[in-house]
Amino acid sequence: MGEEGPGGTVHLLCLAASSGVPLFCRSSRGGAPTRQQLPFSVIGSLNGVHMFGQNLDVQLKSARTEDTTVVLVVGLEELTNIRNVERLKKELRATYGLIDSFLGNSELIGDLTQCVDCVIPPEGSLLQDTLSGFAEATGTAFVSLLVSGRVVAATDGWWRLGMPEAVLLPWLVGSLPPQAARDYPVYLPHGSPTVPHRLLTLTLLPRLELCLLCGPRPPLSQLEPQLLERWWQPLLDPLRTCLALGARALPDGFPLHGDILGLLLLHLELKRCVFTVEPLRDKEPSPEQRRRLLRNFYTLVTTTHFPPEPGPAEKEDAAHPAQVPRACYLVLGPGMGWQLVALQLGLRLLLLLLSPQSPTHGLRSLATHTLQALTPLL
């Protein structure tokens, strides 16, 4: 359950549905985790509302009742068949870092778009070939290279992961404290909610990690330094260029129009996205404001202007096809003047945040040229 308190405080409360026992409560204020907790009286009141609605077959709109909400680390069976509440509460502590990252002002956007946050490396083909060879050498089909929680390159097996794990796994790695290597048990909400897999991570450079999703093999000890050196030492310079891609997402020198303050590009079929607010970083608004503006604009355009693909019933009415917009724009109020434009062409959706001096009559043309330049990359 979530409750937004005064001053922008957000509380995330998880209760055992049968007993009302609080399993955990995480709080965020202004996008940063806080130790402020909900009073027990408030928790009891929320549980009372939940139980009252449950008896009438009514659910709270703000509650997430699906079993997959936090099964990434704990597992579906443990959440649906609670045998020992205190043990479960202890196990749920492993999720706190991931939950806090969702409550905070993350630089990622996959939680909203349900698309995997990606970066575009300048030597992508070389990194991809090396990653595929490394995966074959380790006998693992699910391998990715991540920088700050964003996918640089991944094997075909990794890309075939379903949602939401394709988004959650990189986000989880980005939320963990730095370590040279990890052997981490994870439950996959879609693919394996009751049997844990092993998530192996190996740090190549600070914030740049190899991730392997596997079963009992290979043991972490098998991924010895010699194996890493043989595959990745020759690529040290291309790997170093990836470090700057964490927030920028696009290769250095990629030609973007001078009025662009931020962009979000989504491939709607591949479920991948590129998100950056780094252009013209020295100008207003701040990166945090830019991220918030683009997130809000994405919510607006996907709920009002660019609906999901029509269902079978809608497709049957071929004589009266639905009129789907291709572009829309928004100019913010007095004192700001920043402009937002969205353009959908085929399977790609582009959102741009633009400076006030960009002429309104040229927004669609600017967005079209930008999308054409970005299309070969994603």
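**Close-up views of a predicted model**

**View 1. Strands β13 and β14 pair in the antiparallel sense.** Five bridges join β13 to strand β14 (residues 339-345) in this predicted model. Across the pairing, Tyr329 stands opposite Val341 in β14.

**View 2. Six strands make up an open sheet.** Their order is β5-β12-β11-β15-β14-β13. The pairing is mixed. At the edges lie β5 (116-117) and β13 (327-331), each of which pairs on one side only.

**View 3. Phe102 and Trp171 form a stacked aromatic pair.** A search of the whole structure finds two aromatic pairs. In the pair of Phe102 and Trp171, the rings sit 4.6 Å centre to centre, with 25 degrees between the planes. Phe102 belongs to helix α4 (residues 96-103) and Trp171 to helix α8 (residues 165-175), so the contact ties together parts 69 residues apart in sequence. Phe102 is partly exposed, at 30% relative accessible area. Trp171 is buried, at 3% relative accessibility.

**View 4. Helix α8 is largely enclosed by the rest of the structure.** Nine of its eleven residues are buried. Among them are Glu165, Leu168, Pro170 and Trp171. The buried set also includes Ala166, Val167, Leu169, Leu172 and Val173.

**View 5. Arg272 lies over the face of Trp159.** The separation is 3.6 Å from the ring centre of Trp159.

Conventions: Residues are numbered from 1 along each chain as its sequence is written. This is a predicted model: local features need pLDDT of at least 70, side-chain atom pairs count only at pLDDT 80 or more; totals for chains, interfaces and linings use all residues. Side-chain values use heavy atoms; hydrogens and water are left out. Rings of Phe, Tyr and Trp (its six-membered ring) pair if their centres lie within 6.5 Å; planes under 30 degrees apart count as stacked, over 60 as edge-to-face and the rest as tilted. Helices (H or I, at least four residues) and strands (E, at least two) are DSSP runs, numbered from the N terminus. Buried means under 20% relative accessible area, exposed over 50%, partly exposed in between (1.4 Å probe, protein chains only). A charge sits over a ring if NZ of Lys or CZ of Arg is within 6 Å of the ring centre and within 35 degrees of the ring normal. Two strands pair if DSSP finds at least two bridges between them.
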